[in-house]
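Morning, everyone. Let's take a quick look at one protein model. Please keep the structure in view as I talk.

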Amino acid sequence: MSQSNYKKKSPAKNTKKKIIDGMYYNAGFLNGPSKEQLINEIEKFHPIWEERFSKSNPPPEGDTWRGLLRPVYWLGNWQFACLDYFHPPHGLEHRCLRAEQFPPFMQKLVDQIEAMTHKMARNDVPKGWKLNTCLINYYGSKRDEAGQMQDLARVGDHKDSEPGPVASISMGERAMFQFVKGKAQDPKNVVHEMWLNDGSLLIFWSKRFKEELFHRVQRVEAKGNRIFNDHLDDYETRRINLTFRYVPDQYIYPLSEMPREKVEDINPYLEKLAKYSEYFKNLV
Ligand SMILES: O=C(O)CCC(=O)C(=O)O
């Protein structure tokens with residue numbers, strides 16, 4: 001596909017649904033009641049703050065010990081940042097810990113999204129593909145030591161390495177989402193950008209969007225429309241994003257099959273999760 005097909009587009013205006021080669025966006029996927037039903041399920045989870053590295057996975061040269069910019073919760077399997085994320089072809093083993101199932105309404109939506117994706121993305125759906133993993137991102141502001149709220153609502157350039165299409169549902173304030181070439185900050189490297197609306201669905205599957213380009217959230221509006229219940233002190237979540245992905249079942253491990261040094265690294269997180277989740281309570 002030629003580069004010219006991907007000229008930078010201005011943020012989506014009022015177009016409700018659109019498909020560009022390898023990407024589908026529906027600004028109004030969830031209406032009022034269905035959105036509230038999903039939020040109701042999500043607000044039961046207690047997200048956690050994670051560190052990017054650990055004893056078994058220290059920072060590579062040039063990188064530093066640091067935390068993630070936002071709290072997260074995973075369903076289906078948990079990819080602890082400190083063990084590194086699922087990353088074919090080499091980063092496969094002992095990265096995905098079996099976790100809670102999707103709640104019922106979320107699962108219904110996922111069934112619908114999978115059916116839509118099969119129709120649209122035919123040749124880009126790997127054998128066995130199903131959206132069995134959900135990362136819940138909580139975007140917002142954190143109170144610093146001086147008592148000031150610091151806006152942390154962004155995610156830097158990255159690719160989602162799980163095979164096949166990825167689907168993303170957004171709720172709350174709008175986010176400026178960009179596909180970019182390379183990792184440079186040069187604005188010329190923004191190939192496509194769009195606002196992700198409250199209640200929207202984005203699916204992308206082509207080699208171009210999945211493997212060649214990076215994506216990022218540049219900023220999240222702060223119009224004071226809604227603050228979600230994240231059960232966290234000193235944090236205010238104004239946007240929740242769910243990204244659904246596929247990890248082949250053989251790479252999702254029960255805790256009993258995780259190597260001891262990895263269990264040691266994630267134990268503090270498991271203990272936190274066990275405070276509020278029956279699933280993790282039974283695990284630790
Ligand atoms: O928040 C978003 O819209 C994107 C999140 C994302 O890129 C990710 O979770 O990998």
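First, a term. A pocket here is an open set of grid points with protein on both sides within 12 Å along at least five of seven lines, and its lining residues have an atom within 4 Å of a point. Keep in mind that this is a predicted model.

Let's start with the second largest pocket. It holds about 340 Å³ of space. Its lining has 16 residues. Nearest its centre lie His46, Pro47, Ile48, Lys272 and Tyr276. By class, that lining has 8 nonpolar, 3 polar and 5 charged residues.

Now the largest pocket. Its volume is about 1000 Å³. It is lined by 41 residues, and the closest to its centre are Arg70, Tyr85, Val155, Gly156 and His158. The classes here are 15 nonpolar, 13 polar and 13 charged.

Which strand gives the largest share of that lining? It is β13, with 5 residues. Several strands supply at least two residues each, among them β3 (72-75), β8 (155-158) and β13 (214-220).

Follow β13 into its sheet. This is an open sheet of 4 strands, in the order β8-β13-β10-β11, and the pairing is antiparallel. β8 and β11 (190-196) are at the edges with a single partner strand each, so one side of each has no neighbour in the sheet. On average, neighbouring strands in this sheet are turned by 20° against each other, direction ignored.

Find Phe177, and its bridge partner in β13 is Val217.

That's my tour. Questions, please.

Note on methods. Residues are numbered from 1 along each chain as its sequence is written. This is a predicted model: local features need pLDDT of at least 70, side-chain atom pairs count only at pLDDT 80 or more; totals for chains, interfaces and linings use all residues. Side-chain values use heavy atoms; hydrogens and water are left out. On a 1 Å grid over the protein atoms alone, a cavity is a set of points where a 1.4 Å probe fits but cannot get out, and a pocket is an open set with protein on both sides within 12 Å along at least five of seven lines; lining residues have an atom within 4 Å of a point. Grid points are joined across faces, edges and corners, and a volume is the space filled by probe spheres set on the points. Ala, Val, Leu, Ile, Met, Phe, Trp, Tyr, Cys and Pro count as nonpolar, Asp, Glu, Lys and Arg as charged, and the others, Gly among them, as polar. Two strands pair if DSSP finds at least two bridges between them. Axes are lines fitted to C-alpha atoms, for helices over the stretch in contact, and angles run from 0 to 180 degrees between N-to-C directions.
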